[in-house]
Amino acid sequence: MNDYKNFVGLGVAGNFALHLEQAGESADFKDILTEDPNGPKGIFPFYIPGREGQLGIYPISSDTIILPKEECNVQPEPEVALICDLEYSSEGKVIHIIPKFFGAYNDCSLRKEGAAKISHKKNWGEASKGLSSTLIPIDRFEEGGVMDSYRIASFLRRDGMLMRYGEDVELQGYSFFYAKLLEWMKKQMNTQVDFGPLESIGEYLRAAGCPKQAIISIGATRYTHFGETNFLQEGDEVIVVVYDNTKYCTNPILSMANRNAFEAEGISALVQKVQRA
């Protein structure tokens, strides 16, 4: 999947209640002050086109997760990603974020102590992230739009057994969504400084020539007990499904996951096989 090599890749941290606690990451943000205690904690980069070093490695795949060479726990993070246009002022400040499409996303992450920045746990090389090849157009990113009726579910297939990995939740369960999320993201892109686990996103954007398009993952959802306590192994299969709840309920989605057959209207599915580097 090379379609997004010129897109900047950004993620929202802490936009779903209890996820950071389940992931063992809440302590990373102990010194981060937010205007809303229930809101997200910050934005992190996972891919900056043209940048030197790890963040310049293109990490997105629609069918594979490659485990890192180092011994480390690796955990899927089932999310929704927005494919957005970005508009800038003459000074390089973000003035508009325009969501165009959404789809199933896996913000796969390393679980390791002592990482100085969130981004150090997000991109360890090729095929360390996942984005569905089936994206759904956004008519309007506000209440009354297409995303109102969508939910997200996730599964892990291991040794022929299919287990629920994340809770099945509605997209409107995100702490910040629609206009509130867009305004918050714009502010963070323009004002977030290099402090604690966070980095100066605005500096990165300007150094990259102000990319006009972005993949923005808007936050990981909560895990089931199995998801919280099980990490990826070679041969596993990660499945993230974003689906229209007016067309499908939980059981048909589970049946599709069992059959690995998701070719249906109102579904964005991501299926990734886990491999060793």
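**Sheet and cores, term by term**

Q: What makes the order 4-15-14-11-12 an open sheet?
A: In this predicted model, 5 strands form an open sheet in the order 4-15-14-11-12, with mixed pairing. Strand 4 (64-66) and strand 12 (161-170) are at the edges with a single partner strand each, so one side of each has no neighbour in the sheet. Strands here are DSSP runs of E, at least two residues, and helices are runs of H or I, at least four residues, both numbered from the N terminus.

Q: How do you know that strand 14 and strand 15 pair?
A: Pairing needs at least two bridges found by DSSP. Strand 14 (residues 237-244) and strand 15 (residues 267-275) have 7 bridges, in the antiparallel sense, so they meet that definition. Val238 stands opposite Gln272 in strand 15.

Q: Which strands does helix 5 touch?
A: Helix 5 (residues 250-259) packs on the sheet and touches strand 11 (150-158), strand 12, strand 14 and strand 15. Contact means heavy atoms within 4.5 Å.

Q: Why is a set of residues called a nonpolar core?
A: Because its members are buried Ala, Val, Leu, Ile, Met, Phe, Trp, Tyr and Cys residues joined through side-chain atoms within 4.5 Å; buried means under 20% relative accessible area (1.4 Å probe, protein chains only). The largest nonpolar core has 56 residues, and Phe102, Met147, Met185 and Met189 have the most contacts inside it. Helix 2 (residues 178-191) gives the largest share, 6 residues. Apart from this core lies another of 15 residues, among them Ile60 and Ile215.

Residues are numbered from 1 along each chain as its sequence is written, and side-chain values use heavy atoms, without hydrogens and water. Local features need pLDDT of at least 70, side-chain atom pairs count only at pLDDT 80 or more, and totals for chains, interfaces and linings use all residues.

Terms used
Axes fitted to C-alpha atoms, helices over the stretch in contact; angles between N-to-C directions. Buried < 20%, exposed > 50% of the residue type's maximum accessible area, 1.4 Å probe, protein only.
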